[in-house]
Structures are given as structure tokens and as C-alpha cells.
Amino acid sequence: MKLRKQVTVCGGAIFCVAVFSLYLMLDRVQHDPARRQSGGNFPRSQISVLQNRIEQLEQLLEENHQIISHIKDSVMELTDTGAVSPSGHLPFRSANGSWVLPFDGRPTFLAVKPQDCQFAAGSRGQADVQMLDVYSLLKFDNPDGGVWKQGFDITYEPEEWDNEPLQVFVVPHSHNDPGWIKTFDKYFTDQTQHILNNMVVKLAEDPRRKFIWSEISFFSKWWETADIHKQEAMRKLILGGQLEIVTGGWVMTDEANVHYFAMIDQLIEGHQWLERNLGITPRSGWAVDPFGHSATMPYLLKRANLTSMLIQRVHYSIKKHFASTRSLEFMWRQSWDTGSSTDIFCHMMPFYSYDVPHTCGPDPKICCQFDFKRLPGGRINCPWKVPPKTVVEANVAERAHLLLDQYRKKSKLYRSKVLLVPLGDDFRYDKALEWDQQYTNYQKLFDYMNSHPEMHVQAQFGTLSEYFNAVYKAHGAAQGSRPADYPVLSGDFFAYADREDHYWTGYFTSRPFYKSLDRVIESHLRGAEILYSLAVANARHAGMEGRYPVSDYALLVDARRSVGLFQHHDAITGTAKENVVIDYGTKLLRSLIGLKRVIINAAHFLVMKNKEFYRFYQTEPFLETVRGNMQGHFPPSYLVLFNPVEQERLCAVTVLVNTVRVRVLTEDGQTLPVQLSAQWSTASQMSAEVFEATFMVRLPPLGLAVFHLYDSPDSPMTLRSDTLLRVSGRDVTARATDPLPVRSQQSDPQTFYISSQSLTLGFSGTTGLLESIKRKDDPQEVKVQMQFMVYGTRPSKDKSGAYLFLPDGKAKVFSVVVSQMFSCLLEGFDSVSLVLVLYGFAFSGVDGLSIDITTMVDIRDQTNKELAMRMVTDIQSGDVFYTDLNGFQMQPRRHYLKLPLQANFYPMPSQAYIQDSHHRLTLHTAQSLGVTSLESGQLEVIMDRRLMQDDNRGLGQGLKDNKKTANRFRLLLERRSTGNKMMDSATNSFPSILSHMTNAFLNHEVLALPVLPKRRGIPPLQTFAPLKSILPCDFHLLNLRSIQSQQDPHSPSPYTALILHRLVLDCGLEAQNLGFNCTTTQGQLNVSGLFKNLDLQLLQPMSLTLMHSSTPLANDSSISLDPMEISAFKLKLR
């Protein structure tokens, strides 16, 4: 009763405070012109003033209604534990064995404006071609199309070009992979440097020669080694229009497994390099080799001010369909765009490959004869057994007519009389001879064609943008705008198949260890960028710039480039040679060490209470970094926790300690409840040296909080975990370590349950695997059965490899027996061990509302096996499921029986879900993997693949370098609110606010930074909370990136790039207590009021990669973002 009284009094007090604040807010409204409703000046009579105040009171009451209801919920949660402390003291153990903790005391509210919910519920703009419809329409059969095997016969009338001649642009290119069969550096030494050296000489020989280049990682390396004369010659070629830089990213990024943070970052890195060294801005995108194309890419290119783009690797059936409807060129629009602001002109190449045999026209046997590197006597020849011939006076007419026939046939697939003919392949033009062979022979053909008006053709070398400009001109359209009658398309181009049923869906999972490492480093990079920018700005503000290690900027640049390199379409995809993978890994690890240094140095400066005591010693770091654990340095040790998320974070933090006598204090001396748990050395053996200490913390957004850990005699706030070990064998006994008790019981087939404040989970008594989930507020238990499955590979000649997934039929159950440890840990069988954590603290917050799943996968003893985790539920999802594209947007998918099993897999960079009118089940992931839903109510993810053979796509190796890999997930079950049975539109779906935050917490873990003991003692520290006002919870701060100095690329300028993404929220799913105050503002944000103790001296809207600037805004003005918009701003903070 005592507790209930306290709670009631506390609740009542909070209610009074809320009502009083309401009165104060109302009073402020009267004096605050900003709050006055616009839309007419009321006469100053008493009645209208009163009416105005009543309207505003209604508005404020509406906003506060939600706050009050959340206070009520918080109070109810406290009183509903159904437990009363025997002594009236907290914490104590309740009847069900869980601990009741002191209440955090800070009710949180959710105030999402109804307008901010409308976008997810609203209707969408119409596209002429919707990729989901195309999939429904096509048969996906593969009839023989004649010379164009996967297409059809193309015919034309000879007089079609009489009035408007065919304009042909032959675009020489060389596709340089920054790592694949050789490492990045080896490719550069062996081939790329020679390509660029020859380019400088050979293009200069004739102003009619043109070339395009894409990968800035290689180009910048060449530039740094070239002398001043070569640099000048190259600059002249670019400025003179003979060489065009296309896309201009650090690499030609993969589009399936990459996260949009890294896609943008590598694009910025390339564009910033170009701006500083060459002063040029790319206009056209070029992506000939990524294995399928994401709808995120056109959006990012458009935001970076590119006007046109090209793609190549698209399913052969889709290419054929688009060719037959002359839809290979289209405006690519985002599916959520209600207007046309996201449209970008896109050209899809029609044939099998980007090599010369497949680019001049439909017949590779003929086109190969015009690849003059294959002239007899060279190292490569034509597989169709008809070699090229050198063009001479005697054969030029016959050669020109043969080639023109191919050009005309190809042009029949497009809507304009302008034709693009790429001329190149992997690492081409590395020898001077090839430059001469291609350019000399083609020039003779062009000269002949152009001097014979009866051929009605104008042929020349061109760049990609010259081609696009000619298309716009032919239609009388402005650059980048939609030519009349061109279709608008929405959707994406996964999964890719290049022939037969060879679907490139294996690489969605290949080498998951590196896919996981990539994301850990991306999170560190983002955290380091933000802390570095804030530390340098605060140092400038305090006039201490000279004492801060600003030179850490070089470490940031190195990490940006290593992460950028890894986004390449043979790196993160897991499709490079083993030694190349090791090279990528080494580069990533080096940059991770550098990023930890940047974070430590920034945190050191920012947590100093008195900056006068700040001293930086290169050789003596103030902090160290550990990921989620810490060997307690006892006696006293300080721990700094960094929250990389832009919202306040209520979460459980676990550190490793070497004593059970641990006490944790907050900065102001309050003792926090700590749960001590065992560290298990085997499935039934506790460690006697190391223990886990878990405590609840509330961390400021993007901030650093300070805690004090010390060795103390037992305090009433230390909770000893009580372990119940379910054992299946007679010979297994539990070994306890004093003072942590262990009870063991024989497992039986009965389902057993584990509960937390929000969820009850049911587990199979036989296998120990998850069987059901029940939310506390939902009468209905939802079946969620976890299974492990295994796929084999085909017995035929075509087998699965790094790229392809070619299973030998449906998956078979992988038998699993799991031993069960207390409320959170499942362990133990050969290829997978599984850890399920249910945060059982009596706390609300994002972490407590989902299940934390870690699978430890080790299949090194398997042969030609792929391991999958499958959730089987009673959710009536039909054949529809949803996967994300690059962590940026959700894409509805359909499972098609007309397609082979492997064709129904899609990339899952951050989440996938299934839903019906009552529930949505989301699997959030911390690493990119392949996912599908093969039957209604199922969700299945491939966790690792071990394949003993090559799949004939050029790699020449299987996948045998598997590592023991931790795959991290969060499983979130949400309920649709009653009266909100609206299902998503066919083309759009969005996560809820809880789902967005769950993903952010999973992908941006709290970083634990212990303070190292100091001989001179530790100076006073304080929490660093950088934000003055809370960021609306539908804003994601993608990056706060210090911009490089124009003089020295390894030091920062006074400017910082603020990159923001406005999320779209599905408000039809019931909102829970998130543990932080969540408000939305209809996309408005006041940047000058955002950062504490810093002055904003410049606020300038920029293009996404900072190359194009708009007029600076007044420093105190609000910026506005539309739903889904990503925008960049240049700030000067000091």
C-alpha cells in the first residue's frame, strides 16, 4: 500500500505540474507573437482576444492530452507490477522472480502531429511503369530469340532515317574494379596507372577522341603520383570535354548490401576530391556492373544535382520487356513521391553485358568484330570465331554498312534517333596499342559514314553527357527534364538474373563477417565525425583550437576512404578473391583503430569540466574504447558512455568487471541498480574471474555521460542474477560460482515462458527455440516459431557460388537442441549458437519492446551448405512481404510461384517485415543479409553460406574462408491500433516510430569509454549534452561532417556539413512508451537553437555532396524538410 500511495502522490504531483505548465504556456502564448495563429489579424476587442486564447488553449490541451495519458501509463506500469515490497524498499524481487527497480521518475510523451502521420497514410503519385506490376505481368520464360538470345528479331525500314539521321555516340570506357581478382593496389600498379598514363598521351593526339572515367579511388591515387605536367594535361582534357568524370563516387557502389549512410559518404568523398583538385561537377551517373539496381541510387544522384544516369545489370526478361515497349529510357521516380521532384532520366542498356560484343547491337558475333583489341595476334579473340579486321580503304564500305546495321537495330529499341554505344570492358586501354587500334579504326569508320549522306548517320566519339544532351535536344527538352511521351517508372531492379535461372541472390549474404564489420565501422565513422565536429567547434569557441589534436582529421579521411572503398560492388558483396578480402579487412581494421582514437580524443576534451585542465598527450590516451564491455579498473574507475543516436536513450548497458562487489554512481552521486550476471565459459560453466554488470542508464542525445564504478561492500542496489539451467542430458551439471546461484532442472517437452514488463515469450521444451510472443497489452498470443534450416546446392554442373544461389530444392530442417539459461541466454550446438536477450528490467523504452537476438554462426565444418533462420508465424501475410532498400526506404515484395525459389530472395540491409490487419512482425538486422517469405506468415534470412566451387562469373573461387560470425537482430512485434486497419498501399510502406528507433539503437550501439587510471589523479568530469533543444523524432541526423580545407585535404576547414533525413512514420501501429520525449514539427527545424554553447555563423543549403550551394539563410531561420527528404547544409559553428 505504501508504494501505491507514493506512486499516486507522485502521479498527482506530476499531473499538477503538467496543468500548471499548461497555464504558463498559455500565458506565454499571449506574449509570444510566434505562437499567434496566422491567417488574419483579429480586432483587438476583448471577445476576439478571448476567442483566440480559447482556440490556442484547445490546441495546447490536445498536445498535453498525450503527455497526461503517458504519465498515467507510466504510473499504471508502476502500480501494475502486482508486487508490493515486503519492507517498502526498492529494489526487491517480485513473485515471478524479476526485479522491481526504482522508477526512473521521468514520464515521457509522444506528441506526433496528425499532419506528420498523413504522408504514410496518403495516396501516391502515379507512375506509368510500376516494377511490382511488371513482375506480375511477365512469364519469366526464356525462349531462344535468335542472334539476340534473350531478346527477339529486330527489323527496320531502310528509309526510317531519311528525315532525321541517326546520331551515334561511341563512348570509350574502362571498367576498373577497386579490388576483385587482385587487390586495389595491385590493380593500380599492374593496370590502372597505365590506363591513365596512356589516356593523357592518346586523347591529346586528336581532339575528336573522348573517354569516360568513374572510380575516383583510382583516379586520386594516380593524381597523387603524377607529376605537375601530367596533372595539367589531364586537367586540360577534362576542361576541354574530352574526358568526362561520370558519377564521380569513390567507387561504383554495390546497391544491394550497402547502407545509405555509406552510399552518400563515398559519393561525397569522390565529389569533394573532384571539387578541390579539378573544380568540376559530374552531370551523369554510370553504373554498368552492380548486380541489380536500387531505387535509392537515383534519389541520391538527383539530390547531388546529377541530371541523368545509366544502368546495366537488370534481369534479362525485364530488359526484353522494356525493349519491346521501347521503355529502356524512362524517368525514374521514387514510389513515395506525390509530384515529380525526384524524377531523374535513366538509360537502361538492352543486352547481356557492357563488353563490346554486347553493346554495338543485338548480334554479338558481329559486334565482336568491332572490338579491335581482339585483332588476330592479340591475347584475346572472339568466341564466335569471326575475328575483327583492320579497317582499310578496300573494306571500309562493307565494314561501315555491317556496323551501321547493328546501330540501326539497336536504336529501334529506343524512342529517339540518338544512339549510345559504349566501347570498353574491364581494365581496357592499359596499353598504347589498344588506344591506337580502337580509335584509329573507329575514326575511319566514322569518316566514311559521315561522308556518305545516303547512309543518314552522324557517328562520332562522345562522352556520356554528350549523348544525354543530344537526347534532350532531339526532344526539345531542358537538360534533365522529361522528354515528351517518355514513361515514368517506380520501383527497383532486384533480383538480377543474367541467364537461365541463374539468380544473383547469393551475394546478399556471402561473407557475412565482413558485412557485419562494415556496419560496425560505419557506426564508428558517423560517431567519430559527429564528436570531432562538436569538439573542434567547442575548442574554437573556447579559443583552444591550438591545444586540440585537430590533426585527427587525417584519421577521419583515411576511414572515409577505407569505408568508401569497401562499398565497391565486389567488396561488401563478398565476391572478391580471398587475399583481396583480407586486404579490405586490413584496411577496415586500420581505420577502426584510427576512428577509436578520434572518438577518445574528442570525448576527452568534451567531458572535461574545466577545459583549462585539458592536456592532450599523443602517447598517453585519457580514455580507451571497448565495445560493450570493460575490465573494471578497481579501485575507482570512471566510465564515459557515448550515445550516437540523436534522441535521448534509456537503455541497459553491460560491462565486464572482475569483482562481484561493484557499485555504479551517476555523475551527481546517485547509486544505480546493477544486475550481476555470470560470464559463461561453456554452456554450463561460469567464469570465476569475469562477471557482467548491467545497469540502466539514460543518455543524452549525441552525448557523453559520465559514471563512476567502484569496488564496494554489498549495496542493496546490487541484484544477483539467479540462473536456472535447463539441461537435456543426465551428465550435464551446472557449476555455480559464488555468489551467483545456479539451479538446474531436467528439460521436458512442455513449453516454458519468460516474461519482461512488455513481453512474454514461449519456448519449446524440446528444442529450446522461440515458439510464441505475447505483448502485455494484447490478449492474443502470436505464434512465432524459430527454426534453423539448411540449403544444399545442385548436383548439376551449375552450382551456387559467391554470386549465385542455386539450391537443390527446399530447405531441410537443421536439427537443433538448445540449453536454456536464465531470462536471456540460449546456447549451444554445432553450427549455430543463439543468444536471445529479453530486457527484463521493469523499464519502458525502445530496448524493452523487442527481442535482442544474436546468432553465433560457424559452418566451417560444412560442405556446400547455406544456413537459414526461419520465423513461422500465424500472421496472415499472404504472398506479400517488405524489405528495405539501403536502410533508406521500404519496398513491398511478392513471392511468386512462377519464379524459382532463389528468385524470391531480396537484400535486407536493415529490416524486413510481414503483416496482416492486426500485427506486424519486423526483423531488424545489424548486417546485410538475404531474406524472403516463401509462405504466408514466414520470414526467412540466410545467415551464412559455405560453397566449395566457383559459379563461373569470373571469380575462380568458392566461398571457403568462412569465419565464426555474430549476426545481430531485433525481433519486434507490433499491433495495429483498433480503428486503424488500413493496410499499406501496394507500392509504399513505412516503419513506425518504434521501429525506426529500434533500428537506430541496433545499428548505433552505445560506446563504452573507460577512463584510464592517471598518476596525477583524474580531473573533474561532466556529462556532455550537445543539444539545446530536442530534435524532432522524425529527423535522423545522418552526419555532421567536418568539410576539408581547400588547401590541405588532411585538415578541416571552418565549415561542417549537417546532413538530415526526415523519416516517414506509420502511426497506425500502437505507440508504446519509448523512454524519451518524441515530438514532431511538420518538418521544421531551427538549426541555430540546436547546439548548446555554440554560435551558428553560417547556414547554407547545399546539394547532397556539397558541390552546389544555394543562397545562405538567415542564421536564425528555420529549415524545412519534406517527408523522406535528405538535405545537406553547410554550417559554420564556433
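Just after the helix, Arg-326 takes a positive phi of about 50 degrees.

Next comes strand E10, residues 329-332. In a regular strand, side chains alternate between the two faces of the sheet. In E10, Glu-329 and Met-331 point one way, while Phe-330 and Trp-332 point the other way. All four of these residues are buried. Which strands pair with E10? One is E11 (residues 344-348), which runs antiparallel to E10 and is joined to it by 4 bridges. Within this pairing, Phe-330 has Cys-346 as its bridge partner. Another is E14 (residues 488-490), which pairs with E10 in the parallel sense over 2 bridges. Here Met-331 stands opposite Val-488.

In soluble globular proteins, nonpolar side chains tend to be buried together. What does Phe-219 touch, leaving out residues up to four places away in sequence? The contacts of Phe-219 are Leu-196, Trp-213, Met-234, Ile-238, Leu-243, Ile-245, Trp-273 and Leu-278.

A pair of aromatic rings is described by the distance of the centres and the angle of the planes. The count comes to 58 aromatic pairs. One of these pairs is Phe-169 with Tyr-467, which is edge-to-face, at 6.5 Å centre to centre and 75 degrees between the planes. The pair links distant parts of the chain, since Phe-169 lies in strand E5 (residues 166-175) and Tyr-467 in helix H14 (residues 464-474), 298 residues apart. Both Phe-169 and Tyr-467 are buried.

Why does the pair of Phe-211 and Tyr-429 count as edge-to-face? The planes of their rings stand at 90 degrees, with the centres 5.1 Å apart, so the pair is edge-to-face; the cut-off for this label is over 60 degrees. Phe-211 belongs to strand E6 (residues 211-213), and Tyr-429 to the loop between strand E12 (418-426) and helix H13 (432-450), 218 residues apart. Phe-211 has a relative accessible area of 0% and is buried. Tyr-429 is buried too, with a relative accessible area of 0%. Ring pairs link Phe-211 and Tyr-429 into a cluster with Phe-370, Phe-372, Trp-435, Tyr-439, Tyr-442, Phe-446 and Phe-461.

Lys-221 lies over the face of Phe-188, 5.4 Å from the ring centre. The charged end of Lys-963 sits over the ring of Phe-513, 6.0 Å from its centre.

Finally, the confidence of the prediction. The protein chain averages a pLDDT of 88, and 86% of the residues score at least 70. Over residues 1-47, pLDDT stays under 50. It also stays under 50 over residues 627-635. Where pLDDT is low, the predicted coordinates should not be read in detail.

Technical notes:
Residues are numbered from 1 along each chain as its sequence is written. This is a predicted model: local features need pLDDT of at least 70, side-chain atom pairs count only at pLDDT 80 or more; totals for chains, interfaces and linings use all residues. Side-chain values use heavy atoms; hydrogens and water are left out. Buried means under 20% relative accessible area, exposed over 50%, partly exposed in between (1.4 Å probe, protein chains only). Two strands pair if DSSP finds at least two bridges between them. Rings of Phe, Tyr and Trp (its six-membered ring) pair if their centres lie within 6.5 Å; planes under 30 degrees apart count as stacked, over 60 as edge-to-face and the rest as tilted. A charge sits over a ring if NZ of Lys or CZ of Arg is within 6 Å of the ring centre and within 35 degrees of the ring normal. Contact means heavy atoms within 4.5 Å. pLDDT is the predictor's confidence in each residue, from 0 to 100.
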